[in-house]
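Thanks for coming, everyone. I'd like to walk you through one structure today, a piece at a time, so please have it up on your screens.

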Amino acid sequence: MTATALDWRKGLFGNKTNIAITAGYAAFVWWLVVPFLQWAVVDATLHGTSETCSRDGGACWAFIVAKANFITFGFYPADVRWRAAVACVLLLAVAVAICVPRFWSRWLAAFGLGGLVIAVLLLLGVPPGQIVTTEQWGGLPVTLLLSVVGLAGAFPLAVMLALARQSRRGGIRMLSVVFIEVVRGVPFISILYMATLLFPLMLPHGASIDKFLRAQVALILFVSAYMAEIVRAGLSSVPRGQTEAGEALGLSYFNTMQLIVMPQALRAVIPSLVNLAIGVFQDTTLVLVIGMFDFLNTARAAATDPQWLGYYDESFAFVAAVYFVCCFALSRYSLWLERYLGRPGAR
Amino acid sequence: MKPLSSARMRHWLGASAILVAAIATALPAQAGSVLDAINQRGKIKVGVGTSPGFFAPDSNGKWQGFFVDFGRALAVTVFNDPAKVDFTSSSPQQRLPALQAGEFDILLSGVTETITRAFKLGFHFGPVIFFDGQGLLVKKSLGVTKGADLDGATIAIQAGTTGELNIADFFRKSGKTFKSVVIEDSREFRNALDSGRVDALTQDSSDLAIQRTQLARPDDYVLLPERLSKEPLAPAIRWGDDRWLEIVNWTVYATIEAEELGITRANIDSFLDTSDPVVKRFLGIDKSLGEAIGLDPKFAYNIIKAVGNYGEIFERNVGKNTKIGFDRGLNQPWSSGGLLYSPPFR
């Protein structure tokens with residue numbers, strides 16, 4: 001018997017605890033993984049109609065194939081769907097660019113903003129096609145747009161809120177504290193309700209603001225409160241001497257913050273920011289309570305078509321897989337980034 | 001939608017919706033003509049839900065369903081074009097305040113008409129287009145034909161609905177007993193019947209009809225014809241535009257009248273040379289009626305051409321030959337024992 005095999009044996013059955021753990025895993029595989037694979041792979045139906053599916057049993061991936069366009073793009077007009085697809089790619093590109101440390105420069109903000117504006121214009125159908133109203137937006141572009149713009153828009157606000165909360169001027173500090181605590185004190189759903197239902201009633205007659213925009217602003221405000229607290233934690237990790245050194249050099253407050261304090265503060269909290277990003281990406285699914293069709297909601301609605309009635313297992317499994325890939329990538333990225341920034345000589 | 005929401009989330013949803021509704025009612029409703037806004041926009045904004053057969057997107061992202069077809073019929077009346085309508089899905093918690101806030105011109109999401117909604121929320125209701133009610137779904141092998149036969153049975157109820165109260169009242173009235181099992185998740189609800197944990201499910205019958213199709217062996221179960229509650233589902237609009245209300249009313253009546261007269265999408269053109277004055281007025285062959293009311297004289301003709309009569313809309317979306325397999329029950333003309341009755345077109 002080779003040494004490795006012996007190690008394996010010891011690891012699996014070496015003592016009572018190890019035997020128990022091995023048995024636990026075996027049971028898990030036997031009771032959950034095997035039936036799942038049986039359903040999802042072995043018995044699965046890949047092609048055909050719902051009749052084929054109900055005859056052959058197993059997971060009906062034919063449903064996902066038939067509904068792929070609807071789940072991904074929702075009610076977006078079919079003839080200009082390429083616009084939504086390009087917008088998706090652009091949004092992903094912006095998200096990736098924000099994640100790469102090499103791109104962290106003053107140009108990033110300009111590039112990111114430009115990318116987001118182009119993505120929104122593409123989705124709206126300008127130029128030159130017919131206007132696609134935000135009610136027709138749906139699926140992946142909506143989820144990506146809400147999360148990316150939600151995070152990107154919240155960032156400057158969060159930095160300002162965090163600085164204001166540390167301000168020596170009581171009035172400004174008070175404003176920031178009240179905003180942060182109020183927003184953190186209520187669930188996201190009620191902020192969404194206020195933005196979509198109460199806010200229009202307060203507008204003067206005839207004036208109206210797009211529902212998507214209202215939800216987006218609500219998300220930005222919500223995220224900014226949480227992000228501000230993360231940034232504040234970063235600020236307090238920077239020794240007071242750094243600020244004093246800046247002052248001693250005759251730098252203005254803004255220069256001190258921009259050149260000395262913020263770079264150190266933000267670097268310290270990057271893992272928390274990525275963690276927040278994962279949370280926000282998933283929180284965007286809540287817009288389904290105000291009738292918006294994000295990726296999760298289009299998948300759910302796809303299974304209400306009488307032609308394909310009730311394939312909720314398949315649609316949720318599909319959506320879960322996509323969300324998992326995105327969130328897992330982000331979480332691996334966060335680990336990598338921590339190591340990258342922790343290495344000696346990291347900027 | 002139910003698999004997503006935990007009890008806690010639902011609690012917040014409910015509380016927030018009530019708060020918003022309360023504040024919304026305290027504010028004055030938006031003035032101005034709804035019809036003017038529709039004409040200016042060139043489209044009708046319709047609020048719908050998502051439920052198979054009633055309103056659901058097809059694979060091309062186009063809305064289909066029973067209520068959706070009435071939205072298309074309205075677009076025919078106003079614009080003579082069934083495509084000039086935008087459907088927006090809204091959640092049950094959001095739809096009523098959203099109508100008040102002016103997000104839709106009309107709500108065709110299966111709203112139950114009640115006196116509170118009429119007075120306190122300030123809604124007008126058009127004609128009832130679907131007579132729903134709480135029903136009982138039971139196993140055929142039990143040999144039960146009416147609710148009272150379920151003496152001592154175990155019945156599953158979905159949490160957070162008025163169903164619990166209705167079923168308790170029903171059994172108290174008939175002096176029978178039953179055991180209730182309250183279930184939150186809609187799949188668990190169904191599984192309870194499939195696994196034999198309960199003898200029957202109770203819920204709005206339209207919902208039960210859909211639940212039945214999802215059971216392992218749908219044909220082993222039957223939806224009892226009895227209804228324990230009244231859930232008349234009607235189009236809802238805000239107070240303040242009487243002409244818009246009449247357009248809603250008579251668009252629905254046109255589909256009902258056509259069925260009474262035996263006019264269908266297929267045979268409508270054979271009626272064009274009729275000598276029956278009722279049909280002539282209805283189809284606008286005699287133009288005097290349309291001119292008098294200020295609508296396209298052929299609006300009823302156009303509606304039937306586009307979506308068919310009430311019976312056709314029903315059968316196409318939720319009828320016996322669809323997966324929903326709903327029985328017409330009360331939803332047939334009064335002349336066949338139902339409750340549909342159109343006032344005369346004259």
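Predicted model: local features only at pLDDT ≥ 70, side-chain atom pairs only at ≥ 80, totals over all residues.

On one side, Thr255(B), Ile256(B) and Glu259(B) of α9(B) meet Tyr310(B), Gly311(B) and Ile313(B) of α13(B). By class, the residues of this contact are 3 nonpolar, 2 polar and 1 charged. How do the two helices cross? The axes of α9(B), residues 242-261, and α13(B), residues 310-317, come within 6 Å and cross at roughly 100°. The two helices are therefore roughly perpendicular to each other.

Stay with α9(B) for a moment. From first C-alpha to last, its 20 residues reach 28 Å, close to the 28 Å expected at 1.5 Å a residue. Is this helix mostly covered or mostly open? Mostly covered: 16 of the 20 residues in α9(B) are buried. Just after the helix, Gly262(B) takes a positive phi of about 80°.

Which strands does β13(B) pair with? One is β5(B), residues 106-112, which runs antiparallel to β13(B) and is joined to it by 3 bridges; there, Thr112(B) stands opposite Leu233(B). Another is β6(B), residues 123-125, again antiparallel with 3 bridges, and here Phe125(B) has Ala236(B) as its bridge partner. Then there is β7(B), residues 130-132, which pairs with β13(B) in the antiparallel sense over 3 bridges. In that pairing, Phe130(B) is bridged to Leu233(B).

Next, the open sheet. It has 5 strands in chain B, in the order β10-β9-β11-β8-β12, and the pairing is mixed. The edges are β10(B), 178-183, and β12(B), 221-223; each has a single partner strand, so one side of each is left without a neighbour in the sheet. On average, neighbouring strands are turned by 25° against each other, direction ignored.

Let me take the pairings in turn. β9(B) and β10(B) are parallel, over 6 bridges, and one bridge pair there is Ile157(B) with Val182(B). β9(B) also pairs with β11(B), in the parallel sense over 3 bridges; Ile155(B) has Ala200(B) as its bridge partner in β11(B). The antiparallel part comes from β8(B), residues 134-139, joined to β12(B) by 3 bridges. In β12(B), Val222(B) is the bridge partner of Val138(B).

Which helices pack on this sheet? One is α6(B), residues 163-174, which touches β8, β9, β10 and β11 of chain B, and its direction makes about 155° with that of β9(B). Another is α7(B), residues 186-194, which also touches β8, β9, β10 and β11 of chain B, at about 165° to the direction of β9(B).

Last stop, the interface. How many residues are in contact between the chains? Here 36 residues of chain B are in contact with 27 residues of chain A. On the chain B side, the elements giving two or more residues are α1 (7-26), β2 (56-57), β4 (85-89) and α4 (95-100). The largest share, 6 residues, comes from α1(B).

Notes
Residues numbered from 1 in each chain as written. Chains lettered and ligands numbered in written order. Axes fitted to C-alpha atoms, helices over the stretch in contact; angles between N-to-C directions. Helix = DSSP H or I, 4+ residues; strand = E, 2+ residues; numbered from the N terminus. Parallel < 35°, antiparallel > 145°, perpendicular 65-115°, else oblique. Contact = placed C-beta atoms within 7 Å. Nonpolar A, V, L, I, M, F, W, Y, C, P; charged D, E, K, R; others polar. Pairing = 2+ DSSP bridges. Expected span 1.5 Å × (residues − 1). Buried ≥ 20, exposed ≤ 12 C-beta atoms within 10 Å, placed from the backbone.
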